[in-house]
Structures are given as C-alpha cells and as structure tokens.
Amino acid sequence: MNAKSGAMGRVKDTQVLVAVPNDWLQLPIADMLSVEREDYTRVKSLHELYQKVKEYPRCIVIIDIFAYDERYGDIVERLHEENPCLSLIPLVSKDKLAYAQYLDGSASCYIVAKEAVDTQLIPVLGCAYKDQRLIADAYALLWEPKQLPTLSKKEANLVKKEDGSIFGKKFGRRSFLKGSAATVAGVAMASPGNTVMKMKALAATEDTATAVPEEKVFPVVCRGNCVGTCQMNAHVRNGKLVKMSKREAVDPRYTRICQRGRTHPLRVYSPERLKYPMRRVGERGEGQWEQISWEEAINEICMRWKNYQDEFGKESIFFASGSGNYGSDVKGYPTRLVNFMGASRMQITVDSAVVISAGRALGYGAYLGANSPTDWINSKYIFVWGTNFTQAWNANWHFLAEARKAGAKMICIDPVFNIVASKSDMFVPIRPCTDALLAMAMTKIIIEEGLADEEYLKECSVAPFMIKESDGKYLRLSDLGKATAGTPADAIVVRDADGKVGVPADIPDPILHGTFTINNIKVTTAYDLLIARLNQFPPENAAKVCDIPLETIKDMARMFAKGPACIAGGYGPDHYTNGHHAYQAMYTLLMVTGNFGKPGTGLAGGFNFSLGLGLSTSSMDNPADHSSSAPAVPSLKMLDVINTGKYGDISVTPKSMYVYAFNMIGNLCERKAYLEVLNKLDLVVVADITMSETASYADIVLPVSHWFEVDSVISYGTQFVSISEKAIDPLYESKGDLEIINLLSEGMGLGSQFPLTRDEYFTRAFQNDYAQSIGLSYERLKKEKQLPTWIGDYIHGTGGVYPTATGRAQFYLENVVPTHQYGQVVNMDNSRLPYWEPPIEAWHDYDLAKKYPLIFTSERARFHCHTQFGDVQWFKELEPEPFVRINPQDAATRGIKNGDTVKVFNDRGYVVVKAVIHNGIRSGMLVMPHAWQQHHFIDGHYSDLSSRATNPDIANNAFFDALCEIQKM
C-alpha cells in the first residue's frame, strides 16, 4: 500500500484514536489535530478503544494512560494483543515519568509529557506515522515479495539507529512488531537476494523535534462577580493561552490568584463556547439552530427593533445585563445605546438589600459603606455575619486569617457550620432570617449597660437631631422661621441641656434624650425614637426567636462595645424579604458603639467592593441630551409588566430584550417566570461567551469574546484601576461586547454617536476631575498596568463625615424612597428605624410550613462564580454534580441516607439531586451549592423553588425566602 503525502507522511487507512477522557486535556489535543487537518476518532472508554483498534489494522493511539482505573501495563498489553501493529503515544505527567521505562519496553511507543503536549505531540505523531509507513511497506513486501520498500534518506537513517531519544528521554532497543505480525516485519523478511532486513523501533530525531516556542505574558484581570478582580498573567505560546499565574499587584497584599482564575484556559477553549451567530429554527429551548453571518444577525435584529419601536414605542425594547463581566466597557458602554434608542431596562435587583441599606445609612464611598479589607488587621473583634469567606470571598480570606493571627477574635454568626465557623473563636448558629432581631437585642443591651459611645453619637450620627411628630421630618431652621424651606440654608437644628436650639456647629454638646415642644412643634430626639423602637423587641424575646442563649447575646454585645469591632458581612441576610432590616440594624449597632470612622471598625469584607474611583464613563454612557425616559423595571416585576402592559402608571408593551453579561434564567428567583417572560417576547437576543441557559431560549445568539481576547480596563473590586490586555485573538467569529454594541448602533442608524474604539473609550473614561487630580490616565495605565486610586487603607467615615444627606451616619431615615415605584404601598414607619418582621414565606410559624417544613437556601460554591465555571472539567472532577445538604435528624425522619437520590419540591417546582448528610446544617433547612444550570441536575431546577415575592421598599431577589419538602426517590 502507498503512503499518503502530507506534512506528517500520513498512511492510507491509518486511523488516529484519541483516548483522553478529561476535556481539559482532550480539547487542546483536538485543537492541534484540527490545525494539522488530521482526522481522528475520540473514544470514550477502554472497552470502546479495545474494539476500535481491532477495526483498524493500522492505527495510532493517543492515550492518557493513567486516567483509567485499569492498570497501565494491562492496558498496553491488551492493546497489543488486539492489534500488534499499532503505534502508541502515552501521555504522562512529569510526576509519573518514572513509569516510562515500563511503557518503553512494551512496544512501539512514544512518551509525551502532558505539560508539554502542545510542543511534543505533533512531532511525535509524525514519528508514529513513519512507523505505520514502514508497516505498510512491510505488508507490501509480503504481498509483492519482489518489491523492496523504498525508504527516504531520512527514514533509512532512522531505521539504522540502534536507539534514539525523544525530548531528552532514551529509549532502548525494542521489536517493532510482536505476536503474529513478527513474521511480517519483526525478525526477517524475504527478498530476492535472500536479504535479511532487521527493523528497529523509531525514535524522534532532531529534524522532527521543534524548538519550544516563545512564551509571551500578558497582564489580564479576572472580572466575574466574586469581585476579587485579581490581576493575573496570561501565558501564551503559538497564539494559544496555555496557563495562568498570579501577577504582582501594586499593593502586594492583593497579589493573589484562586482556583477559578487558574482554569481560564479551559474556559477559553471550552466546547461550550459560542462560535458564530445563530438563529433559532425550532421551539424555544429545543436546541435547534442555524448558523448565520454577523451581517444577517445585526440586520435582522435592528430591522425588527425599528419596527417594534415604530408600532409600540421606543420603550418596547428592553436591555438586561448582570454581573457576568465587570470590565468598564461592558458595565457602561451599552447604556449609551439604551439612552440613544430610548429603550427600557430590566434591572436585576440582586443583592439590593445590602447595597441600598448601605447607601441610606452610610452613603456610598470607595467600598460602598465599608472599609477596605486590609483594615481587618486593626480589629480586636471581627463578627463574620452571614457569609463564608473561604468560598464566597476567598480572594480576601487571607485578610481575615492574618487578623486572627494578629490577635483578633472571630465570631461567626450563621445558620450553617461552615469553614469560617470552624476557624472562629465563637460560632453562633442563628435561626435563619432573624439577623435584625439579634443586632437590635445587642444594641439594646449595650445602651442599657451604659456602653454606648455617646460622644460619637452626638458628633457623627443623627442621634441628637429632633424629629417632628407631625411628619417624621427633622426640625430645621425653616421651622423656626430662620430660613426658607428647601434651600441649602435650611439646616437641621439640635438642642442643648439649657434649651438653646441651633445648628450643630453652634451647639457643642447637644442632648441625646427628650421630647419637647419648640415653636409649637412637638419633637423627639432620634436617639430616643431608636430606644423606643428597641424596646419593642426585648432581648429575652429575641433570644427565643433567634434560638440563641441570652447570655451569648450579652457576651457578644459587650465584645462589640469594647472594640474596636467590625462586621465582616456577606449577603446571607440579604436573601430574605426582610433583609434590608437586618443591615439597617447592623449599621445601627456599629453606630451606637462608635465602631465607625477609625481603624478596625465599621463594615468590611462581603460588603466591600470598590466602586471604581478614578474611572468615570457616566457622561459618555448617560449623555444629558439623550437620557432615556423609558422605565427601569425590576426583574421581579417583568412578567407582570408583560401581562398587564403597565408599569405603575406607565404604559409599556415589551416586544424584545437584549441580554448581555447575564444568565438570568439560572440566576434569578422563580425561574419559570422568566421562561414565561422570554416566551411572551417576540425577539430575544442573547450575547454571551457560552450557550448558557438563557442563551438556549433566545431567538438569536451572538458569540462574545472571552475576557482575555479583548483589551479592557477594570476598576471594580479593589482600590486599583487595572488594564487587562488582549492576550489572544478572539476565537471563531466572536466579538467583544463593545464591538457588538457599535454594530447594533450602526444598524439602528446611530453610528455617528458610536465612533468609539476601545482606546478612545478608555482614554475618555479617565477625563474626569478626580482621575486627573491624582494623575490617572489611560496612557499611564498602559505603561504601568495597574494604578492605585488612593494610597493606604480606606476607612469609611473618617473624621465623622459621611456621604449621606445629613453628612452623618443615619440610623434614622427621614426620607424613605422605595427603589422602584410600581404602585406598591410602603410602611414608612417600619423603614425609618431598625425593625424586624418575619419573611414573607420562610418562617416556621406559618401554616404553609406544615406542608413544607424546610427552608430552602443555597451557598456559594468554591469552584463557581454564579453560573460561570460550572462546566470546567477540573472542577467537575472534584465536584461532578449538584447535591443538597440536609441535617441528619431531618434525613432520618424521611428515611434518607447519604448519596440517596432525592426530590426537593414545593408548589412552584422541584429539583432532583443527590443527598449529603451534614451535621453542620441546622435542622429545618436545606442547603444547595449555588451556580448549577439545568443540564447539571438529574431533573428539575433549584431556581424553580424560589419566589419572586419582595418587600415593597427595596425590590430584591430573596433567594432563601422559600419553604420546601424533601423526599427519597
């Protein structure tokens, strides 16, 4: 038989079999073989491999030899029993190269180190093809004995070698063929001259080996919603991303990389990547698509958008984005198109309880209302409240560990005994959704025991301000006839012990207690109103409801008062419909003890992510002459708007939605409601990197480039602004979000408003007063890669000054404005001061709890960031599927054992997963790792269990406010 021509001298009918079970290794191999235009067959099991090698007399087997349960020696022996003429390329990790000598003696074999597969595999494959060519020639000699094999000079030199080396590894002499094929080519071959031709095994030579390619390193930033925004190195060889490493930060305390960051090459080359624009051809969610061009996609989208806007109004087009990419180009630039189109927005309303409460009470600073995490080292008592930093905020966990090592006591308040709890000095297993009660009880105890910091309260908080009984507003100079109401001169007044009333600057020692009549207006100090509110929730009752001993509450209160103390909080309390009350009560506890504005105090951790000082795109993204008057609808109300055509008093007919950086189907409460939303829209367009759950229900999907395939600037998460350089060219037909928005703007006839390239956009982003005052610019960033937006640790409220309406820390809210207005009724009295009320559903005393006695909750998964990283093979090997954790007592009652398949259900839906019995789970609740998508579950979906119910004050996805039951399948 004749050999094929080609770069590697392919032999006709020679089949390459790839037996590599792990995607992280199989994918780069597939990519390399595709580049070489090499046909191959992937086999999924050893059984299939053994069958395949029998089907192809001449074959090359590329095998991850240690990836199987069967002993490697037995695998090799079996393969050669089935086909003694095959060529074998085992892939071996460096730590297992000691076994190479056993593989070496087994047959024609070329060992390739996994760590260098990108440089070694193709040359070795060329050698294996030469094996197969000699076999082909030997068979030709057998069938046509008068014809001698014709070898090239190179092949003749190879055959003459007694032994050779492959990438530095010596191989001993071995027979080329064994078993029944020995008569063909193993010992001797007949020739017209009775010539004996002895054949030796081939080895790699200098002319087939390639030099190690140059490695280039690019600074990049991880930008998912763990908000670590870690600066990293992207290592690139031959235009391919091969690995990640941590990059030295300007402040070495932020030099870090987590397990997710290490796996970006697997995400870049994931089989889930969207490769080209596609149009749905089947039913929504059916998975039937046809490939279209970018021109077709943009033309169809924009043509239909124009028609909808002409017929139903500009506001009929909705844009929806999430936290899938914190690049400044993604967080800001699309808003520009929204405004110029006059389109509507669907706001995701996630984590709103903590974010809005922080702004109301403390004002937004560099880290919302918190200190930088580097300040933990100055604390004596750190209350980790409602978060598991080792999984949810692992980039910042080391700050906590270092503070504890420096002598801080760590108190963990959580319903679940997690890793942080195991590292703490004190664990307080609170009943879910009672956090506000605990904080209020601690505050009351502190006041009753005379431990309040009255100096701080007088100078830095609203405590001495007097509240009018008539309307709940502060007493101002206009009430005294000394200023015009509503003007800047209409300042708030206070009173001293002698009855003098004036602005705080004129009253050096204002009183904190008392009810008075001033200028015929009855008033009471805000501090007395706080005490009256706390009296409604006695600590004795709180201890029973929270299920915490009263003495434990008193001990914590005294630690807090002793200080310096801080709350390293998270979003656990946020996920109930009473969550905003919890945070308001926590902030009040900090204020009453004076734990604000100085090192080691205040908020930290889960609350803090930098808002990106120094980088502003608002003037570009929200031009004053093109601000959209269309509604911003909270996600929880989107289905209602579609069904009624009204948002409050505003008429709106949603017809299309553009979704970007957002997998709303997998990340919002009550999944079925959003499936209904998508099914009732005429046109759904999703721009994403992968085929997410949301993308699978789209009409048109647009492939987005991975983070490291475009240039970007990131200024969230830490006190730095960092550049993320384009490390590799965008794969397939993908484009960056900014480039897609430019295409859409051109299609909508707005091209003149969108001439911005990435360089232009980022250059203009630094053209603001703050950035220029500290010397920040895009040109400087390109040179230095990372720049600080301030120097040193950030302490919120330094000097007693807060960015609030009063300039003070506010436990009393004069003006409570709901986050959204959709015709709801808000109880202002409840929201003005700390308060507690049971959640809407997840409460043990409700009648519904008789039918569904378990509270459904989730936890941040160590290996995921929301629904990102869910299909990374390395992580799937460690945590292959979703599961539900259950308390042993609850499990025993229902006959559930560890590993059982169970169904978790309520009236809204169900999910089928495996059960894990866990002593750390509080009885009466279930816990599932967050971030899985529909295809991961055995059946159903855990987001079907949750509810869209929300508190009318702050629209917020309350993921945990759900009751359920569990049964063995």
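Is Lys52 buried or exposed? At 19% relative accessibility, Lys52 counts as buried, where buried means under 20% relative accessible area, exposed over 50%, and partly exposed in between (1.4 Å probe, protein chains only).

1. Ground rules. This is a predicted model, so local features need pLDDT of at least 70 and side-chain atom pairs count only at pLDDT 80 or more, while totals for chains, interfaces and linings use all residues. Residues are numbered from 1 along each chain as its sequence is written, and side-chain values use heavy atoms, with hydrogens and water left out.

2. Confidence. pLDDT is the predictor's confidence in each residue, from 0 to 100. The protein has a mean pLDDT of 86, with 88% of its residues at 70 or more. Residues 1-7 stay under 50, and the model gives them 13 contacts (heavy atoms within 4.5 Å) beyond four places in sequence. The pLDDT is also below 50 over residues 141-210, a stretch with 118 contacts in the model beyond near neighbours in sequence. Please keep both stretches in mind when you look at the picture.

3. The Lys52 pair. Back to where we started: Lys52 and Glu55 join their side chains in a salt bridge, at 4.0 Å from N to O. The rule here is a side-chain nitrogen of Lys or Arg within 4 Å of a carboxyl oxygen of Asp or Glu. Both residues sit in helix α2 (residues 46-55), and because they are three residues apart there, about one helical turn separates them. Helices (H or I, at least four residues) and strands (E, at least two) are DSSP runs, numbered from the N terminus. Glu55 is partly exposed, at 48% relative accessibility.

4. Salt bridges across the sequence. By the same rule the count comes to 49 salt bridges. Side chains of opposite charge can pair when their charged atoms come close. One example is Lys522 with Glu469, at 3.6 Å from N to O. Lys522 is in strand β22 and Glu469 in the loop between β18 (466-468) and β19 (494-495), so this pair ties together parts 53 residues apart in sequence. Lys522 is partly exposed at 39%, and Glu469 is exposed at 58% relative accessible area.

5. A buried pair. Arg948 makes a salt bridge with Glu670, and their closest N and O atoms are 3.7 Å apart. Distant parts of the chain are linked here, 278 residues apart: Arg948 is in the loop between β39 (939-940) and β40 (963-968), and Glu670 in the loop between α24 (664-667) and α25 (671-680). Arg948 counts as buried at 18% relative accessibility, and Glu670 is buried too, at 19%.

6. A network. Which residues are linked in a network of salt bridges? They are Arg279, Glu290, Glu300 and Arg304.

7. Ser245. This residue lies in strand β10 (residues 240-246) and is buried, with a relative accessible area of 16%. The Ser245 side chain makes a polar contact with the side chain of His235, at 2.7 Å. A polar contact here is a pair of N or O atoms within 3.5 Å; within protein, one must be able to donate a hydrogen and the other to accept it, and residues adjacent in sequence count only if both atoms are side-chain atoms. Setting aside neighbours within four places in sequence, Ser245 touches Met232, Asn233, His235, Ile257 and Arg262.

8. Cysteines. The structure holds zero disulfides, a disulfide being a pair of cysteine sulfur atoms within 2.5 Å. Cys865 is buried at 6% relative accessibility, and Cys566 is buried at 1%.

9. Backbone points to check. The peptide bond from Gly563 to Pro564 is cis, with omega near -5°, and Pro564 is in the loop between α20 (550-562) and β23 (565-569). Asn520 is not a glycine, yet has a positive phi of about 65°; its place is the loop between β21 (515-518) and β22 (521-525), and Asn520 is exposed at 75% relative accessibility. His866, another residue other than glycine, has a positive phi near 55°. His866 is in the loop between β34 (854-859) and α32 (873-878) and is buried, with a relative accessible area of 16%.
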